[in-house]
Amino acid sequence: GTAIARLNPHVKFETPNVRHAAANALDLIARYDIVADGSDNFVTRYLVADACYFAKRPLVTAAVGTFDGSLTTLRPHETRDGKHNPTYRCLFPEPPPPGTVPACAEAGILGALPGVLGSLMALEVIREIVGFGEGLVGRLLMVDARSMRFETLKYEWDKDNPLSGDKPTIRDLLGKY
């Protein structure tokens with residue numbers, strides 16, 4: 001935070017030193033204009049995405065695997081061209097069953113990959129704040145470090161998603177987490 005304050009004293013940067021949980025997620029997220037999530041577990045990733053939906057905050061979220069990564073921006077509390085913006089659950093309706101995806105500590109991560117995704121995430125956060133170019137709302141940027149390929153997949157709001165679909169089953173955070 002000190003380095004950022006030297007660069008721009010008008011920017012307020014905080015790193016909350018508290019574990020994210022259903023009981024405090026909305027309060028934590030409501031304090032910020034934009035949320036960036038690079039968590040390393042599915043429970044936290046879904047909790048943050050759902051909490052951003054309920055708190056009406058944009059979310060830039062990135063994930064890494066051993067040799068791959070992905071990045072997207074979520075603004076499901078808004079519409080675009082008269083259509084609902086997708087939620088994280090439109091892209092990934094439910095987390096994979098426990099034990100089907102090895103944890104980072106078990107599988108290992110190519111060391112430079114989180115740096116690449118982190119830099120792309122920072123660029124997307126800046127883009128969201130400043131408003132230049134085409135953002136990643138409704139688009140998933142996929143990075144394949146093995147073949148050094150970047151691809152973008154489009155995705156849309158799913159009327160069957162459990163958060164903001166036509167018949168939502170998730171109405172708050174407390175019953176889900």
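# Close-up views of the predicted model

**View 1. Aspartate 33 in its loop.** Aspartate 33 is found in the loop between α2 (25–30) and β1 (35–37), where helices (H or I, at least four residues) and strands (E, at least two) are DSSP runs numbered from the N terminus. The model is a predicted one, in which local features need a pLDDT of at least 70 and side-chain atom pairs count only at pLDDT 80 or more, while totals for chains, interfaces and linings use all residues. Residues are numbered from 1 along each chain as its sequence is written, and side-chain values use heavy atoms, with hydrogens and water left out. Aspartate 33 has a relative accessibility of 70% and therefore counts as exposed; buried means under 20% relative accessible area, exposed over 50%, and partly exposed in between, with a 1.4 Å probe and protein chains only. When residues up to four places away in sequence are not counted, aspartate 33 touches Arg57 and Pro58, a contact being heavy atoms within 4.5 Å.

**View 2. Two loop residues with positive phi.** Lysine 56 sits in the loop between α3 (42–55) and β2 (59–64), and its phi is near 60°, a positive value in a residue other than glycine. The relative accessibility of lysine 56 is 55%, so this residue counts as exposed. Aspartate 81, in the loop between β4 (79–80) and β5 (83–84), likewise has a positive phi in a residue other than glycine, here near 55°. With a relative accessible area of 76%, aspartate 81 is exposed.

**View 3. The aromatic pair of tyrosine 53 and phenylalanine 54.** The structure holds 3 aromatic pairs, where rings of Phe, Tyr and Trp (its six-membered ring) pair if their centres lie within 6.5 Å, and planes under 30 degrees apart count as stacked, over 60 as edge-to-face and the rest as tilted. One of these pairs joins tyrosine 53 to phenylalanine 54, with 5.3 Å from centre to centre and 70° between the planes, and is edge-to-face. Phenylalanine 54 counts as partly exposed, at 25% relative accessibility. Tyrosine 53 lies in helix α3 and, leaving aside residues up to four places away in sequence, touches Pro76, His77, Thr87, Leu163 and Ser164. The C-alpha atoms of tyrosine 53 and alanine 21 are separated by 15 Å, the two residues being 32 residues apart along the chain.

**View 4. The aromatic cluster around tyrosine 46.** Tyr46, Tyr88 and Phe92 form one aromatic cluster. Tyrosine 46, which lies in helix α3, counts as buried at 3% relative accessibility. Its partners, not counting residues up to four places away in sequence, are Tyr88, Arg89, Phe92, Pro93, Glu94, Pro95 and Tyr177. Tyrosine 46 and valine 64, 18 residues apart in sequence, have their C-alpha atoms 15 Å apart in space. Tyrosine 88 is also buried, with a relative accessible area of 8%, whereas phenylalanine 92 counts as partly exposed at 34% relative accessibility.

**View 5. The protein chain as the setting of the close-ups.** The protein chain has 6 helices and 7 strands, and along the sequence these follow the pattern α-α-β-α-β-β-β-β-α-α-α-β-β. For 177 residues a compact globule would have a radius of gyration near 16 Å, and the protein chain, at 16 Å, agrees with this; the radius is taken over C-alpha atoms, and the globule rule is 2.2 Å times the number of residues to the power 0.38. Along the principal axes, the C-alpha atoms fill a box of roughly 45 × 40 × 35 Å. Of the 177 residues, 37% count as buried. Among the contacts in the protein chain with a separation of 6 or more, 61% come from residues 24 or more positions apart. The protein chain exposes about 10,800 Å², of which carbon and sulfur atoms supply 56%, with accessible areas from the Shrake-Rupley method, a 1.4 Å probe and, for residues, only the protein chains shown as cover. The mean positions of the 20 positive and 21 negative charges are 2 Å apart; Lys and Arg count as positive and Asp and Glu as negative, with His and the chain ends not counted, and each charge is placed at NZ of Lys, CZ of Arg, CG of Asp or CD of Glu.
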